[in-house]
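Hello,

Please take a look at the structure below. My notes on it follow.

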Amino acid sequence: MSQTHSMTQSNQVNSKEKQKKNAIQLIIEIFAVIVCSIFFLVPFYFIIVNAMKNSADAAQLSIAWPTEFRIWENIVEVIQARDYMLLTAFFNSTVITVVSIVILIFVGSMAAFVLHRRVSKLSKTLSGLFLAGLMIPPAVVPTIWVLEQFGIFKSFTGIILVEAAIQIPFTILLYTGFIAAIPKEIDEAAIIDGTGGLQLFTKIIFPMLKPVHSTVIILNAVTIFNDFVHPLYFFPGSENATVQLTLYNFMSMFNTDWNLLFANVLLITIPPFILFLFFSEKIVSGMAAGAVKG
Amino acid sequence: MKSNKIYSYWLLLPALLIYALLFLYPTVVSFFFGFTRWTLTEWEWIGFENFRMFFEEPSLMIGFKNTFIFAFLTAGLKVVVGIFLAVILTSKLKTKRFVRSTIFFPVLVSTIAVGITFSVLMHPSEGLINVVLGMIGIDGPDWLGNPNLAIYSVALVDVWKGLGIATVILIAGMMSIPNDYYEAIQIDGGNKWNAFVHITLPLSRPAINTVVMLALIGGLRTFDLVWAMTGGGPGFSSDLIASIIYKQYQAGFYGLSTAGNVLLFLIVAIIVYPIFRFLNRKEVDL
């Protein structure tokens with residue numbers, strides 16, 4: 001009470017000072033927006049504007065407004081390039097992303113459930129082993145060697161299982177954080193009712209994990225769709241193109257079609273951009289939560 | 001624990017199987033194949049030969065130096081700039097949603113796309129960065145063509161791309177600090193700087209630690225950004241251990257490439273683990 005009183009008093013006395021403060025605040029606001037736009041929006045403006053240009057204009061590498069709008073022609077040309085390679089790539093990347101996410105959801109949530117609930121030395125060791133995967137760099141050639149032993153090198157099965165293996169630690173981390181918040185009484189009630197472990201999980205726990213499921217889907221979708229390194233190693237071959245590799249269609253030592261290259265960049269950035277538009281809060285909180293708990 | 005039985009290890013098995021087969025097992029056998037000359041079908045034990053190469057060949061040796069520079073520089077910048085941004089974005093700024101979204105979006109864009117775009121923006125004569133610098137009378141450097149500078153330029157782009165996630169984690173850390181602390185320091189007559197040094201910094205320690213760890217781990221393992229921007233060049237001047245692993249693999253030196261993997265594993269373990277322990281110990285001291 002007395003605080004509000006003294007505040008109104010000081011307001012009357014210092015109304016001029018307050019005006020000055022507001023002005024400073026406004027300047028800070030404008031400054032923040034401008035600086036942030038220069039550093040973070042100009043590169044995207046550059047991509048968009050060059051995706052609209054003709055080949056000669058784009059070769060200038062400038063942010064000047066296009067003299068001729070060719071966005072539609074460029075996109076068509078990008079899609080048709082190399083016998084519709086971009087469409088193949090979108091298909092391949094989508095298959096890899098979707099299937100590995102489905103695997104991650106089931107496999108990851110089950111594992112996190114047991115790892116969190118089961119109190120034993122073994123489950124602690126296993127937790128540590130999974131967490132280590134957040135740090136350890138994957139061993140490249142030995143992984144290829146293992147894939148070859150099973151005859152799944154250069155196959156969808158191979159790349160999907162590798163993507164799943166690499167994302168399992170982070171997925172388990174996300175699920176464990178959420179499962180820890182589900183009271184154990186729920187389990188106990190189910191056990192008294194005579195529910196088995198598998199049923200307890202599928203009928204009760206799994207449906208409760210809905211909020212994390214969506215976080216797991218979105219974060220893994222961005223990571224796997226944008227992944228360049230692992231398809232490069234474990235899914236090589238021209239018929240196996242993934243979207244990230246299509247960027248190299250228009251680059252050569254001597255002559256790069258910058259307008260087509262940036263039209264391609266634009267096209268493959270649309271999926272993550274859509275996710276960002278609809279789920280930015282989810283993505284941000286998921287990444288922050290996963291990271292802080294790690 | 002009687003109820004343990006219900007949490008059957010069978011539920012864990014699928015995850016463990018995939019992870020063990022395609023992640024743990026390759027990691028373990030890398031400690032064998034790193035000591036061989038290897039064609040994937042045949043191997044020949046050659047002892048420490050591969051590792052000796054890594055330490056004697058200047059073109060391989062430079063990977064260590066660059067990996068350290070890259071990891072520590074990007075981690076440091078992400079923390080410092082991230083704290084600055086997080087402080088601004090937890091203030092009363094009305095436009096903070098816009099600013100936060102703009103800074104965060106690059107996190108979701110493909111590294112290769114970012115790398116290609118910036119290699120154009122960093123073009124020595126026509127690139128936007130040097131054109132703008134030229135307007136204010138600065139003769140911009142050849143960002144990616146100068147062998148002494150290339151790795152630093154790539155590191156800056158990595159900071160640009162990864163700053164969003166660092167900032168978001170730090171914001172989460174700062175938001176979790178109870179307001180009472182700030183009120184207390186205000187009553188004691190402390191100004192904003194005091195509040196920052198005595199409350200914000202120490203109490204967002206866990207978030208700062210997380211950012212340091214994530215940035216270091218990411219930085220030590222990075223490959224795609226360098227590959228997209230310089231290909232390790234000019235010469236070998238911006239090669240990282242991870243890009244050397246790729247180059248040796250492409251050249252068919254599988255044993256040498258795997259030795260690189262072993263070294264990277266050891267470096268991550270030697271650097272990250274003690275720092276992890278150190279940062280966490282400090283936290284307890286508070």
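Over residues 126-147 of chain A, the chain is 68% helix and 0% strand. The end C-alpha atoms of that span are 24 Å apart. Helices here are DSSP runs of H or I with at least four residues, strands are runs of E with at least two, and both are numbered from the N terminus.

This is a predicted model, where local features need pLDDT of at least 70, side-chain atom pairs count only at pLDDT 80 or more, and totals for chains, interfaces and linings use all residues. Residues are numbered from 1 along each chain as its sequence is written, chains are lettered from A and ligands numbered from 1 in the order written, and side-chain values use heavy atoms, without hydrogens and water.

Residues 126-147 come from a UniProt list for chain A. The unreviewed entry gives "transmembrane region" for 26-48, 90-114, 126-147, 159-183 and 258-279. Such annotations may be inferred rather than shown by experiment, and the positions follow the numbering used here. Residues 26-48 of chain A are 96% helix and 0% strand. Their end C-alpha atoms lie 30 Å apart.

Now the cavities. The whole structure has four of 30 Å³ or more. A cavity is a set of points, on a 1 Å grid over the protein atoms alone, where a 1.4 Å probe fits but cannot get out; lining residues have an atom within 4 Å of a point. Volume is the space filled by probe spheres set on the points, which are joined across faces, edges and corners.

The largest cavity holds about 60 Å³. Its lining includes A:P43, A:F44 and A:I47 from chain A, and B:F118 and B:W160 from chain B. α3 (42-51) of chain A and α5 (111-121) of chain B each give two or more residues to this lining. The largest share, four residues, comes from α5(B). By class, the lining has eight nonpolar, one polar and no charged residues. Asp, Glu, Lys and Arg count as charged; Ala, Val, Leu, Ile, Met, Phe, Trp, Tyr, Cys and Pro as nonpolar; the others, Gly among them, as polar.

The second largest cavity holds about 50 Å³. Among its lining residues are A:E163, A:D227 and A:T242. α5(A) gives the most, three residues. The classes are four nonpolar, three polar and two charged.

Best wishes

Key: On a 1 Å grid over the protein atoms alone, a cavity is a set of points where a 1.4 Å probe fits but cannot get out, and a pocket is an open set with protein on both sides within 12 Å along at least five of seven lines; lining residues have an atom within 4 Å of a point.
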